Every structure is written in C-alpha cells, then in structure tokens.
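This briefing sets out selected structural features of the chain shown below.

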Amino acid sequence: MLNLEGQKLPLDSLVDRVAFITGAGRGQGRAHAVRLAELGVDIIGVDICEDIASFDYPCASSDDLSETKRLVEAAGRRMHTGVADVRDFPTLKAVFDAGYAEFGRIDIVIANAGMIRYGAEIDPQQEWQDTLDVILTGAFNTVRASIDALVSGGRGGSIVLTSSSAGLKGTASPDASPQAYTAAKRGLVGYMQTLANQYAPDMIRVNTVHPTGVVSGMTVNDAIAAKAAEAGSNIQAMQNALPISILDAEDIANAVAFLVSDQAKFITGTQWALDAGFSVR
C-alpha cells in the first residue's frame with residue numbers, strides 16, 4: 001500500500017487484514033479502528049450503544065458508533081458495525097459472525113470495552129459484578145466469539161486485551177467498582193498469559209496493554225470531575241512520572257498498531273505499560 005508520496009507505509013504488513021474491536025464507538029476503540037483503517041485494515045466494530053444502570057456516566061451511543069464507521073470509511077476501508085453488550089455472548093457472537101461473513105477473514109482481535117463507576121457506592125455487589133463482567137467476562141466473550149475463526153484461518157494473528165495501569169499497580173479505594181476494576185484489569189493479565197500459551201502453536205500472539213489515563217468518554221465526564229474534586233480522592237494520587245497528565249487515544253492506537261503488525265511478530269505474553277511512568281512512581 002502506498003501513501004501520496006509513493007512510499008510504503010511503515011506497517012504495510014497490515015494491508016487487507018481484518019480486526020474485531022469492542023468498545024469501538026468512541027475513545028480508544030474508535031482510535032484503534034481509525035488507525036488500523038489508515039494502515040489498510042477492515043474493521044468489525046461493536047459497542048453497547050445504551051447506558052448501564054450501575055455506572056454513573058453515559059456509554060457510547062449509536063451515533064458514536066456511526067461516526068466511527070464514517071471515519072473508517074473516510075480512511076478508505078470498510079467497517080461492519082453491530083450493537084451488542086460484551087456481557088451478552090450470543091449477541092456479540094452474532095455481530096462477529098456477520099462481520100466475518102462479510103469480510104471472509106479475521107486477523108486481529110482487540111478486547112477493548114470497559115467501564116467503571118466513580119461515585120460512592122449505592123449497590124456494591126451489583127457494581128462489583130457489572131465492572132468485572134464488562135471488563136473480564138467481556139474480554140473472554142470477545143475472544144470466544146472469534147478464536148475459532150482466527151485459528152482456522154491458518155495465518156496466525158494477534159489478540160490484544162486492553163488492561164490499564166491499574167492492572168500493574170493498584171490504588172486504594174473503598175468502593176466496589178474501582179476495586180473490581182483493578183481486580184479485572186489484573187485478571188486480564190492471567191487470562192492473556194493462558195491464551196498466549198494456548199495459541200502459540202498457531203502463531204497467534206496475545207498481549208495486554210496498560211494505558212494510564214486516556215482522553216475518552218470514560219475520563220472526560222461529570223462523574224470523574226466530581227470524584228476528582230473530593231478531598232482525599234484516589235484520583236488525585238493517580239499521577240504519571242512523566243509530566244503528562246493524560247494521553248490521547250491515538251497514542252495508544254499507534255502503539256497497538258505496531259503490536260498487531262508483523263514488526264512485532266515475536267512479541268507475545270507481554271504486559272506493555274503505556275503509562276507515562278505511572279507504574280514506577
């Protein structure tokens with residue numbers, strides 16, 4: 001694939017591949033979809049497109065998901081979109097199957113969907129369970145929906161599970177959802193290592209990425225602003241070593257584009273800290 005100057009793109013191994021991305025409506029999911037499209041990848045993208053009652057900020061909307069599709073198509077690639085809650089395996093699998101039928105292959109899986117409640121507990125058991133289910137069970141469902149097609153393609157592939165700096169270093173919180181968030185993000189590491197061993201003979205690479213705070217609907221909303229304003233808030237303790245307060249979603253997408261490309265063909269089973277030094281403070 002050539003750019004306007006007639007030079008090969010640095011990640012041209014990705015041309016004509018297909019990626020399955022959850023949480024594709026906005027934030028990191030959208031950034032992954034657009035960056036990979038720029039590098040020649042077609043996208044199967046899914047988002048919930050409705051709010052979850054136990055969380056205190058809005059999820060992506062159907063308009064958000066449509067905008068991601070518009071941006072992918074503006075980059076010259078195709079996108080199959082579908083609405084599904086990653087906790088709902090049959091619906092998620094149906095979206096993947098429809099996209100796979102349209103494109104005829106799958107090469108990249110990015111389990112990106114995630115949520116957290118910032119405000120004080122109202123129903124701690126429900127908030128714990130919903131946070132675990134979206135992040136950890138959602139990643140399990142994403143992989144299960146796509147792994148048979150990935151293996152049967154016989155071309156290898158790459159799975160990336162979006163963890164967090166919280167998956168490397170826990171921060172004190174009295175509330176159920178932040179506790180579950182850290183537990184789930186750390187749980188993704190164990191799941192990743194299991195998958196990396198399981199599918200290494202098929203040349204399927206599996207890694208986690210661990211971003212610090214990233215500009216998205218999850219970090220730019222009234223709920224986190226209210227939490228940050230509280231005296232003694234744990235959010236005030238979440239500072240990076242580098243003098244960078246927050247990353248752009250495109251910063252993570254650029255790193256993930258490398259990780260899923262053939263330039264990273266021997267990288268598997270790793271925990272990649274994209275955290276501006278948060279984990280070393």
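**Helix H3 and the overall fold**

In H3, the residues Leu-92, Val-95, Phe-96, Gly-99 and Phe-103 are buried. Viewed along the axis of H3, these buried residues fall within an arc of 95°, so they line one face of the helix. The model described here is a predicted one. The chain contains seven helices and seven strands, and 53% of its 281 residues count as buried.

**Order of elements**

- Starting at the N terminus, the elements follow the order β-α-β-α-β-α-β-α-β-α-β-α-α-β.

- Helix H3 covers residues 89–103, which is 15 residues.
- From its first C-alpha to its last, H3 reaches 21 Å, close to the 21 Å expected at 1.5 Å a residue.
- Pro-90 and Ala-101 are exposed, and they lie on the other side of H3.

**Helix H2: length and faces**

- Helix H2 comprises the 13 residues 62–74.
- At 1.5 Å a residue, H2 should span 18 Å, and this agrees with the 18 Å between its end C-alpha atoms.
- Leu-65, Thr-68 and Val-72 are the buried residues of H2.
- Seen down the axis of H2, the buried residues fall within an arc of 55°, so they line one face of the helix.
- Asp-63 and Ala-74, on the other side of H2, are exposed.

**Packing of H4 with H5**

- Two packed helices are described by the angle between their axes and by the distance between those axes.
- Helix H4 (residues 124–152) packs with helix H5 (residues 176–199) at an angle of about 20°, and their axes are 8 Å apart.
- H4 is therefore roughly parallel to H5, since angles under 35 degrees count as roughly parallel.
- The crossing in which H4 passes H5 is right-handed.
- Sorted by class, the contact of H4 with H5 has 19 nonpolar, four polar and two charged residues.

**Packing of H1 with H7**

- Helix H1 (residues 27–38) and H7 have axes 8 Å apart and pack at an angle of about 50°.
- H1 passes H7 in a crossing that is right-handed.

**Residues with positive phi**

- Asp-16 has a phi near 70°, a positive value in a residue other than glycine.
- Asp-16 belongs to the segment before strand S1 (18–22).
- With a relative accessibility of 43%, Asp-16 counts as partly exposed, because the partly exposed class lies between the buried limit of under 20% and the exposed limit of over 50%.
- Met-203 is not a glycine either, although its phi is positive at about 60°.
- The position of Met-203 is in the loop between H5 and strand S6 (204–211).

**Loop residues and pairs separated along the chain**

- Ser-163 is located in the loop between strand S5 (157–162) and H5.
- Ser-163 has a relative accessibility of 3% and therefore counts as buried.
- The C-alpha atoms of Ser-163 and Asn-207 are separated by 9.7 Å, and the two residues are 44 residues apart along the chain.
- Pro-243 is situated in the loop between helix H6 (222–229) and helix H7 (249–260).
- Pro-243 counts as exposed because its relative accessibility is 81%.
- A distance of 8.2 Å separates the C-alpha atoms of Pro-243 and Ala-276, which are 33 residues apart along the chain.
- Thr-270 occupies the loop between H7 and strand S7 (271–274).
- At a relative accessibility of 30%, Thr-270 counts as partly exposed.
- Thr-270 and Val-206 are 64 residues apart along the chain, and their C-alpha atoms are separated by 7.7 Å.

Terms used. Residues numbered from 1 in each chain as written. Predicted model: local features only at pLDDT ≥ 70, side-chain atom pairs only at ≥ 80, totals over all residues. Heavy atoms only, no water. Helix = DSSP H or I, 4+ residues; strand = E, 2+ residues; numbered from the N terminus. Buried < 20%, exposed > 50% of the residue type's maximum accessible area, 1.4 Å probe, protein only. Axes fitted to C-alpha atoms, helices over the stretch in contact; angles between N-to-C directions. Parallel < 35°, antiparallel > 145°, perpendicular 65-115°, else oblique. Left-handed = near helix turned anticlockwise from the far one by under 90°. Nonpolar A, V, L, I, M, F, W, Y, C, P; charged D, E, K, R; others polar. Expected span 1.5 Å × (residues − 1). Arc of directions from axis to C-beta.
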